[in-house]
Amino acid sequence: MAPEERDGRERGRPNGASAVRRSAADGRPRVRLDLPRLPRRTFLPEYDPELFGRISERIARFLGTWRFIAWMTATIIMWVLWNSVAPGRLRFDEYPFIFLTLALSLQASYAAPLILLAQNRQADRDRVEMEQDRVQNERSIADTEFLTREIAALRMGLGEVATRDWIRDEIQDLLRELELRQLVEAEGDERDR
């Protein structure tokens, strides 16, 4: 170990405090593979790639509410009433309401892709959730099969274990044998007399 490195560690610098160290042989920086690289400076603006998706989901959620329908209905009624009842010079969209049609078609042309984007994001979340559920179900099935095998092994092992009834039957059989032997010995003693 180089003296500079040893001194750095002795001074209390934690191991791995520097991601790049100078190699003693050629003076080139040696890259540490156990630490992440420092972020590079860029002159381009940074953005969150998920931001547009989150905003589109919020808009799609709003478009599917009664509040949106109420606001849209109120806006259209006010638009039609203003352009029908207001004095001629204050009207900005006469009877065929072409500007209203344009505004509604523009709103629909933006709403449809936003709703589709939100549905695709939801489908992706559902797909990930289904995959996690499938993995969890596989684990549960494996655990259940293991426990079933263990229970079967315990039952087989219990078949070989002496139970209270089996011991009682064995003792009763031994007592009968002893009584028979005593009877046979008693008869043998009577014959010998």
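Reply: Start with contact: it means heavy atoms within 4.5 Å. The buried residues of helix 2 pack against helix 3 (66-85) and helix 4 (98-159). This is a predicted model, where local features need pLDDT of at least 70, side-chain atom pairs count only at pLDDT 80 or more, and totals for chains, interfaces and linings use all residues. Residues are numbered from 1 along each chain as its sequence is written, and side-chain values use heavy atoms, with hydrogens and water left out.

Me: What makes a stretch a helix or a strand here?
Reply: DSSP runs do: H or I of at least four residues for helices, E of at least two for strands, numbered from the N terminus. The protein has five helices and two strands. Their order from the N terminus is α-β-β-α-α-α-α.

Me: How do you know that the reach of helix 2 is close to the expected one?
Reply: The expected span is 1.5 Å times one less than the number of residues. Helix 2 (residues 51-63) has 13 residues, and 18 Å is expected. From first C-alpha to last, helix 2 reaches 18 Å.

Me: Which residues of helix 2 are called buried?
Reply: Buried means under 20% relative accessible area, exposed over 50%, partly exposed in between (1.4 Å probe, protein chains only). Gly53, Ser56, Glu57, Ala60 and Leu63 are buried in helix 2. Seen down the helix 2 axis, these buried residues fall within an arc of 125°, so they line one face. The arc is taken over directions from the helix axis to the C-beta atoms. Arg58 and Arg61 are exposed, on the face turned away from the buried side.

Me: Why is Phe97 called buried?
Reply: Its relative accessible area is 13%. The limit is under 20%, so Phe97 counts as buried. Phe97 sits in the loop between helix 3 and helix 4. Phi of Phe97 is near 50°, a positive value in a residue other than glycine.
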